[in-house]
Amino acid sequence: MSKIAGKLKKVCRRVNIEKAVTADICAARGLQFFKAIMKILKIIKWVLFFIVQWTWGFLQSFLGLMLFIRFRHCKRFGYHGALGVLHDAPFGGVSLGMFFFVNGARDEKWIKESIVHEYGHCVQSLLLGPFYLFVIGIPSIVWCNAKRNIKKRETKGVSYYSFYPEKYANRLGEAVAKESAPSLKSGIPKAFFENKDAPKD
Ligand SMILES: [Zn+2]
């Protein structure tokens with residue numbers, strides 16, 4: 001913002017708009033206008049996000065709403081147009097349309113990175129619409145829970161985030177939210193529903 005303010009000041013000096021208005025006031029007004037435009041653009045982006053998720057991505061948004069009601073007692077927050085919930089159930093995370101759910105009992109770093117990852121799935125829903133559940137949702141659930149896949153990850157040390165729905169969720173989440181998603185080395189619980197004895201990674 002200070003860079004923009006500096007540039008605006010230079011422009012104001014060059015143009016010498018009103019003699020009574022100093023370059024500083026002119027720059028401040030310009031900056032105010034720029035901030036207002038950015039705010040409006042952000043609102044438009046969020047409204048579009050909402051409309052597309054509830055039309056093109058209706059199926060998963062509807063399922064997400066059901067889960068959102070189920071976890072209505074948990075902490076909720078807005079995140080780049082999506083609605084996040086820090087749930088208290090024994091599973092890691094899930095994303096459905098404009099809603100995503102992250103286990104609020106985990107450590108801060110895991111929660112922060114998982115929010116970016118789950119938000120990446122929201123963006124996938126935006127792009128894939130009615131195909132989301134088939135292209136991302138079901139393969140992701142099978143990859144997470146099938147015994148064969150759990151064994152593969154454990155014995156061969158394959159990262160959970162190396163499978164395409166997870167890998168692209170990380171990339172999209174990072175690209176849009178400009179925050180860090182889990183790395184390939186990050187672990188997840190052995191299955192979607194945690195084993196009480198399993199390490200909480
Ligand atoms: Zn995922």
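Strand β1 (residues 75–79) and strand β2 (residues 82–87) run antiparallel and are joined by 5 bridges. Within this pair, Gly 78 stands opposite Leu 83 of β2. The hairpin formed by β1 and β2 has 2 residues between the strands, and His 80 takes a positive phi near 50° there. These descriptions refer to a predicted model. The protein chain has an average pLDDT of 88, and 85% of the residues score at least 70. Over residues 195–201, however, the pLDDT is below 50, and this stretch has 7 contacts in the model beyond near neighbours in sequence.

From β2 the description passes to a further strand. β2 pairs with strand β4 (residues 99–103) in the parallel sense, over 5 bridges. In this pairing, Leu 86 has Val 102 of β4 as its bridge partner. β4 also pairs with β3, in the antiparallel sense and over 4 bridges. Here Val 102 of β4 stands opposite Gly 93. The hairpin of β3 and β4 has 2 residues between the strands, and in it Gly 97 takes a positive phi near 65°.

Strand β3 (residues 93–96) is covered on both faces. In a regular strand, the side chains alternate between the two faces of the sheet. On one side of β3 lie Gly 93 and Ser 95, on the other Val 94 and Leu 96, and all of these are buried.

The helices may be considered next. Two packed helices are described by the angle between their axes and the distance between the axes. The axes of α4 and helix α5 (residues 132–145) come within 9 Å and cross at roughly 155°. Because angles over 145 degrees count as roughly antiparallel, α4 and α5 are roughly antiparallel to each other. On the α4 side, the contact is made by His 121, Gln 124, Ser 125 and Leu 128, and on the α5 side by Tyr 132, Val 135 and Ile 136. The residues of this contact between α4 and α5 comprise 4 nonpolar, 3 polar and no charged.

Leu 126 lies in helix α4 (residues 108–128). Leu 126 is buried, because 21 other C-beta atoms lie within 10 Å, and a residue counts as buried at 20 or more. Which residues is Leu 126 in contact with, leaving aside its neighbours within four places in sequence? They are Phe 49, Val 52, Gln 53 and Gly 57. Leu 126 and Trp 54 are 72 residues apart along the chain, and their C-alpha atoms are separated by 9.5 Å.

Methods: Residues numbered from 1 in each chain as written. Predicted model: local features only at pLDDT ≥ 70, side-chain atom pairs only at ≥ 80, totals over all residues. Buried ≥ 20, exposed ≤ 12 C-beta atoms within 10 Å, placed from the backbone. Contact = placed C-beta atoms within 7 Å. Axes fitted to C-alpha atoms, helices over the stretch in contact; angles between N-to-C directions. Parallel < 35°, antiparallel > 145°, perpendicular 65-115°, else oblique. Nonpolar A, V, L, I, M, F, W, Y, C, P; charged D, E, K, R; others polar. Pairing = 2+ DSSP bridges. pLDDT = per-residue confidence, 0-100.
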